[in-house]
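I set out to record what I looked up in this structure, entry by entry.

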Amino acid sequence: MDFLIPNQLNYPILSVLIFAPLAGAIVLFMIRNETVARIWTLLVSLAVFVLSLPLYFNFDPSTTKYQFGEHTAWIPAFNINYTLGIDGISLLLVLLSTFLIPICVLASWKYIDKRVKEFHFCLLLMGSACVGIFSSLDFVLFYIFWEAMLIPMYLLIAVWGGPEKVYASIKFFIYTMVGSVFLLVAMIALYLKVGTFCIPELMTQTHLFSFNFQFWVFLAFGIAFAIKVPMAPFHTWLPAAHVQAPTAGSVLLASVLLKMGTYGFLRFCLPITPNASMYFAPYILIISICSIVYGGYVALGQSDMKKLIAYSSVAHMGFVTLGIFLFNKYGLEGAILQMINHGITTGALFLCVGIIYERSHSRLIADNSGIAKIMPIYIGFFGFFCLSSMAFPGTNSFVGELLVLLGVFTDHKLIGALSIPGVVLAAAYMLHLLQRIAWGKKGKINFPDMNIREVIYLTPLVIFVLWIGFAPGPFLDVMHASVGHLMDQLQTAGAVALVK
């Protein structure tokens with residue numbers, strides 16, 4: 001296990017972060033009072049977030065090895081192991097997952113009034129699955145968490161969703177299951193070729209993979225991850241799922257689940273099928289540009305706030321895949337940072353939509369326009385996150401998009417030029433939304449402004465928007481070594497391919 005650094009702490013922190021929410025979820029079924037169930041879930045999720053902080057403070061940014069390692073033989077007959085570890089690519093994603101669960105609990109405090117225990121059970125189960133996905137170093141273990149995520153998200157949409165929740169949940173389920181089949185096929189193909197499910201070991205065996213083998217494995221990976229991102233034309237499940245999901249479901253869907261696709265590209269496609277990644281890179285760059293422009297153009301014409309933000313996610317995630325397949329430092333680091341930025345900003349926008357929906361019971365822009373005078377605190381938060389979404393200087397998204405654009409103009413000036421309309425469209429649809437919500441024609445509405453609970457769960461997101469916007473160093477420093485190692489793997493594979 002040369003790739004794994006033994007756990008720096010005196011307890012198995014990653015296993016605790018995975019199984020503590022699950023244990024808390026089981027205890028929920030012993031609680032009868034709904035208020036107590038809410039309080040218990042909030043306490044468990046806050047405790048898990050606090051327990052995840054030592055990952056950052058004890059992380060060694062100078063090494064390329066996986067840290068906080070745990071390894072136990074699980075099914076020796078098939079060389080399947082319980083192996084956990086994180087590096088600079090997965091660290092921030094684990095922290096983002098633990099950070100958002102308590103926010104989702106607070107956001108649902110009044111909104112969810114039926115099957116309360118079951119709802120919070122799904123939230124905690126989602127927390128376990130997300131941490132497991134980003135920390136698994138065994139392919140079977142990764143796949144189990146990948147599939148486990150599907151069940152609570154399906155239930156969040158199908159049980160607590162909007163009027164068309166059945167259609168949206170089934171569409172989400174079918175798309176995800178199709179992607180899972182392709183992922184499973186790729187996983188089995190790699191095992192039959194090398195005889196191991198260990199992800200870091202697979203990365204060191206690329207010399208055994210012919211280009212033809214890499215081609216088909218990448219294609220299977222690519223379809224699975226493109227659906228999850230989602231990239232056009234695999235994006236059609238996303239607007240339906242976002243619109244029908246409850247606020248917490250939309251937040252987790254946008255902030256964490258979409259990152260599973262881009263994380264898959266970084267963790268599997270680039271290091272395990274490097275030659276195929278280079279071959280497909282021009283096509284992925286073109287699809288990314290299409291996603292950026294198409295997502296922005298369609299968002300501009302939406303009358304439903306949630307649907308507008310959903311299509312904006314297609315555009316923003318297009319910038320992430322664009323940065324990944326540039327294969328340079330600026331692009332890769334910008335893509336990873338933009339994954340975190342999108343999780344913070346878009347999650348906050350869905351929370352803002354949830355706040356106004358609780359008052360008006362409508363997501364339509366026309367039904368919620370002209371509220372600047374009666375809800376000044378709300379408009380302050382909403383306007384701030386709109387500026388972040390359009391990558392206004394001083395916000396987190398500006399740093400991420402700037403790095404991606406630096407990367408694209410370094411090596412692909414034409415692709416960079418084609419991405420500029422996406423930046424302009426982002427400003428257009430977000431300013432249009434803000435203008436109508438704040439100063440549009442005012443109807444007969446008299447909503448109360450944000451309460452203390454709502455201010456409390458939005459304030460940490462404001463802090464991170466400004467922190468990353470003005471001082472991104474602490475977030476970029478942890479990924480330097482891992483990104484450099486990934487680039488070395490790609491360059492080595494390219495050199496071997498040239499020799500062959």
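**Entry 1**

Strands here are DSSP runs of E with at least two residues, helices are runs of H or I with at least four, and both are numbered from the N terminus. I note that this is a predicted model, in which local features need pLDDT of at least 70, side-chain atom pairs count only at pLDDT 80 or more, and totals for chains, interfaces and linings use all residues. Residues are numbered from 1 along each chain as its sequence is written, and side-chain values use heavy atoms, with hydrogens and water left out.

**Entry 2: the sheet**

I then traced the pairing (two strands pair if DSSP finds at least two bridges between them). Strand 2 (residues 66–75) runs antiparallel to strand 3, and six bridges join them. I75 has I80 of strand 3 as its bridge partner, and H71 has T83 of strand 3. The open sheet has three strands in the order 1-2-3, with mixed pairing. Strand 1 (4–6) and strand 3 (80–86) are the edge strands, each pairing on one side only.

Is strand 3 buried or exposed? I found seven of its seven residues buried, so strand 3 is largely enclosed by the rest of the structure. Buried means under 20% relative accessible area, exposed over 50%, and partly exposed in between, with a 1.4 Å probe and protein chains only. I80, Y82, L84 and I86 are buried on one side of strand 3, and N81, T83 and G85 on the other.

**Entry 3: a helix pair**

Finally, I examined helix 12 (residues 305–324) and helix 15 (residues 396–411), which pack at an angle of about 45° with their axes 10 Å apart. Axes are lines fitted to C-alpha atoms, for helices over the stretch in contact, and angles run from 0 to 180 degrees between N-to-C directions. In helix 12, H316, F319, L322 and G323 meet E401, V404, L405 and V408 of helix 15 (contact means heavy atoms within 4.5 Å).
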